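Open the model in your viewer and keep the selection tool ready. The tour goes stop by stop.

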Amino acid sequence: MLNIALFGPPGAGKGTQSEFLIEKYNLTYISTGELLRKELTEGTALGEQAREIIASGGLVPDEIIVQIIEKTIAENSQADGFLFDGFPRTTIQAYILEGLMIKLNTSLTCLIDLEVSEKISIERLVNRGKTSGRSDDNEAVIRNRLKEYHEKTLPVLQFYKDKGVRYQVDASRSVEEVNRDVLEIVRKEQRKRLFNVVIFGHPGSGRGSQGRALAEHFGLEYVATGPMLEKEIREGTELGKKIEALYESGKLVTDEIVVPLIEQRLENSKGVRGFIFKGFPRTLVQSYILEGLLRKHDATISKVIEIEVPTLELIRRLDERSKTDRCMPYDSSTAKIVKRLQEHETKTVPVIEKYNQLHEVFKVDGMDSFEVVFKRIADIIEPPVL
């Protein structure tokens, strides 16, 4: 999830840059002023509380502002990210934003500070006032707004500078030049963060072959429980014998076996851009474990994809695979194949439903050729990765 706070004094061009970022990255725009006006117009309970305070000459408190923002975030929890304009205005609000982001298992990606001199701000706003008809676009009001902006935002800018995510952009230049610098900042921050994809699908849907190809194409690390478990079996370890017995019975390998292997793989992967997970998580318990493992690396799940293939086609594919050297232990009989598919329905489908509520699961038709299905998935992954 891409989350950007856009700062800048009046006349810095925040509106223009906001439109650019929202369109390019499909972000949900959050402006405290606009949200407050919406609540007032709709006459909501929060809006009425704010109206009474404004009518008495007071400032709308953080308690109301945070509820309005939280409501908007909750309504757009499956968004690709958020663009915050005019929030946070104080260090207390910065802490509030951190809490809201944690609830979404994410964080603020960067704060972009559009800098212009007071002289340029005044010139731009006075010129705008000649055509906008806005009563506040006169020099006396503008100077007061600039003074208030600098006094209030300086501590917030320092807060995010200390966290290493504040970036300054010279906004006195052309729109195109500012666009270029803003885009490079976002790309720089995206490159710092692991991009993690979880691929779901019933056995036989093509998760493995697609996952390997996608990992190679995008320069991501392919993490599949199958190869790790097979390695233990090949080497004849005690762990491998336990795994083989579970395979033969058509049961899922236990978390006590799988989780340490996954954790070790993540720890040993240095300098990677991200991971493609296949075969993990398979259960709700494993989904919580994966979130915890990724959190250790200051990362979250970026995309969730499910390859959909009809049941009869799955059985046909698995039956064909049982006659090749790619045969899995649970391919050896129709009964085992059916049991494995049923395990997926009872154990893994609830995980997919959970992710669909938290992130959005991208459904991909897996009935076409490998190349066609690959392109469908790649198109989902590509914009934020490249």
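**Stop 1: a helix over the sheet**

Select helix 12, residues 255-268: this helix lies across strand 7 and strand 8. Its direction relative to strand 7 is about 170°. Keep in mind that this is a predicted model.

Five strands make up an open sheet, in the order 7-8-6-9-10, with parallel pairing. Strand 7 (221-224) and strand 10 (361-365) are the edges. Each has a single partner strand, so one side of each has no neighbour in the sheet. From one strand to the next, the twist averages 25°.

Zoom in on strand 6 (residues 195-200) and strand 8 (residues 274-278). Five bridges join them in the parallel sense. Which residue of strand 8 does Phe195 stand opposite? Select Gly274 to see it.

**Stop 2: the cores**

Select Ile69, Ile73, Phe84 and Tyr160. These have the most contacts inside the largest nonpolar core, which has 32 residues. Strand 1, helix 2 (32-42), helix 3 (45-55), helix 4 (62-75), strand 3 (81-85), helix 5 (91-103) and helix 7 (139-162) each supply at least two of its residues. Colour helix 4 separately: six residues, the largest share of this core, come from it.

Centre on Tyr160. Beyond residues up to four places away in sequence, Tyr160 touches Pro88, Ala94, Leu97, Leu108, Leu111, Val165 and Arg166. Then move to a second, separate core of 30 residues, which includes Val198, Tyr247, Val253 and Phe277.

**Stop 3**

Pick Gly13 next. Look for it in the loop between strand 1 (2-7) and helix 1 (14-25). Gly13 is partly exposed, at 26% relative accessible area. Leaving out residues up to four places away in sequence, it touches Leu114 and Arg124.

Finish at Arg173, in the loop between strand 5 (166-170) and helix 8 (175-192). Arg173 is partly exposed at 25% relative accessibility. Setting aside neighbours within four places in sequence, Arg173 contacts Arg124, Val178, Arg180 and Asp181. Show Arg124 with both picks: it is in contact with Gly13 and with Arg173.

Conventions
Residues are numbered from 1 along each chain as its sequence is written. This is a predicted model: local features need pLDDT of at least 70, side-chain atom pairs count only at pLDDT 80 or more; totals for chains, interfaces and linings use all residues. Side-chain values use heavy atoms; hydrogens and water are left out. Helices (H or I, at least four residues) and strands (E, at least two) are DSSP runs, numbered from the N terminus. Buried means under 20% relative accessible area, exposed over 50%, partly exposed in between (1.4 Å probe, protein chains only). Contact means heavy atoms within 4.5 Å. A nonpolar core is a set of buried Ala, Val, Leu, Ile, Met, Phe, Trp, Tyr and Cys residues joined through side-chain atoms within 4.5 Å. Two strands pair if DSSP finds at least two bridges between them. Axes are lines fitted to C-alpha atoms, for helices over the stretch in contact, and angles run from 0 to 180 degrees between N-to-C directions.
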